[in-house]
Amino acid sequence: MRNRSTIAPQALTMLNSKLSLTCAKQFAERILEHSSDIDERLIQCYQIALGRTPTDTELKIANEFLQTQEAIVRAHSDDQTREENELSLWTDYCLAMFNLNEF
């Protein structure tokens, strides 16, 4: 049995690499095409990334993350459309999913 561990370079690579960001953006595009309902998107995201549905607590935390991140994205995106902001928001969320130990 392998112990779960993450070393700093691994975590930084997953957060900052061009490949991770590209994959997160493509994953976000796939999730956005699935539904316009946030909870349905989150469930789809969990099913694809982790092979299971999220718990109620995970849905609550995810919604809080999305709300907080939405304010940050809007504050730094003067010239982006609503769709671009939404893609950016969900890309951030998908990148966070990639950094879960369970992933």
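Me: In this predicted model, is F27 buried or exposed?
Reply: The cut-off for buried is under 20% relative accessible area. F27 has a relative accessible area of 8%, so F27 counts as buried.

Me: How many aromatic pairs turn up in the whole structure?
Reply: Rings pair if their centres lie within 6.5 Å. Searching the whole structure on that basis, the number of aromatic pairs comes to three.

Me: What kind of aromatic pair do F27 and F98 form?
Reply: Planes under 30 degrees apart count as stacked. For F27 and F98 the centres are 5.8 Å apart and the angle between the planes is 10°. That makes the pair stacked.

Me: Which helices does that pair link?
Reply: F27 and F98 sit 71 residues apart, so we're looking at distant parts of the chain. F27 belongs to residues 18-34 and F98 to residues 82-98. The helices are α2 and α5.

Me: And F98, buried or exposed?
Reply: Its relative accessibility is 11%. Buried means under 20%, so F98 is buried.

Me: What type of pair do W90 and Y93 make?
Reply: Their ring centres are 5.8 Å apart, with the planes at 70°. Over 60 degrees counts as edge-to-face, so this pair is edge-to-face.

How values were computed:
Residues are numbered from 1 along each chain as its sequence is written. This is a predicted model: local features need pLDDT of at least 70, side-chain atom pairs count only at pLDDT 80 or more; totals for chains, interfaces and linings use all residues. Side-chain values use heavy atoms; hydrogens and water are left out. Rings of Phe, Tyr and Trp (its six-membered ring) pair if their centres lie within 6.5 Å; planes under 30 degrees apart count as stacked, over 60 as edge-to-face and the rest as tilted. Helices (H or I, at least four residues) and strands (E, at least two) are DSSP runs, numbered from the N terminus. Buried means under 20% relative accessible area, exposed over 50%, partly exposed in between (1.4 Å probe, protein chains only).
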